[in-house]
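I opened my notebook to record what I looked up in this structure, going from the whole chain down to single side chains.

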Amino acid sequence: MMKSKILLPLLLLSLMACSGNKEEQKAMRMLGDARFALKHQHFAEARDSILSMRRQHPTALEARRQAILLLDSIEMAAAADSLKHAEGPEWERLNMKVKFYERKLQEDMKK
């Protein structure tokens, strides 16, 4: 009886760890999809992939940590791309946005 009281919680913990690992793997694949989309300048697709990953895999903590930096990179790249075609006040706004994300990424990478 005592063995079952000890073994059951250990079994449950190991099952949870395996499930978490699968969640992390699935989330990392979605993160890879977002990186691929960013590389090909499909900013909305990259952003959507990260937002979907967050909803579908809330316990994939490492993937979510990496997604914070990647989402900042996506936002910065999208603003920089739009900056090429902007003028006047729109250029000023986008330029400020690019600078914001550059500083934010530097701060996030320190953590």
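I began with the secondary structure of this predicted model, and I found four helices and zero strands in the protein, which read along the sequence as α-α-α-α.

I then turned to the protein as a whole, where 31% of the 111 residues count as buried, and where the accessible surface comes to about 8000 Å², with 62% of that belonging to carbon and sulfur atoms. I also looked up the contacts between residues at least 6 apart in sequence, and I noted that 61% of them join residues at least 24 apart.

Next I looked at Glu24, which I found in helix α1, a helix that covers residues 2–39. Which side chain of opposite charge is nearest to Glu24? I found that it is Arg65, 8.4 Å away, and I wrote down that Glu24 is buried yet has no salt bridge, because a salt bridge would need a side-chain nitrogen of Lys or Arg within 4 Å of a carboxyl oxygen. Leaving aside neighbours within four places in sequence, I listed the contacts of Glu24 as Thr59, Ala60, Leu61, Glu62 and Ala63.

My last entry is on aromatic rings, where the count comes to one pair.

Technical notes
Residues are numbered from 1 along each chain as its sequence is written. This is a predicted model: local features need pLDDT of at least 70, side-chain atom pairs count only at pLDDT 80 or more; totals for chains, interfaces and linings use all residues. Side-chain values use heavy atoms; hydrogens and water are left out. Rings of Phe, Tyr and Trp (its six-membered ring) pair if their centres lie within 6.5 Å; planes under 30 degrees apart count as stacked, over 60 as edge-to-face and the rest as tilted. Helices (H or I, at least four residues) and strands (E, at least two) are DSSP runs, numbered from the N terminus. Buried means under 20% relative accessible area, exposed over 50%, partly exposed in between (1.4 Å probe, protein chains only). Lys and Arg count as positive and Asp and Glu as negative; His and the chain ends are not counted. Contact means heavy atoms within 4.5 Å. Accessible areas come from the Shrake-Rupley method with a 1.4 Å probe; for residues, only the protein chains shown count as cover.
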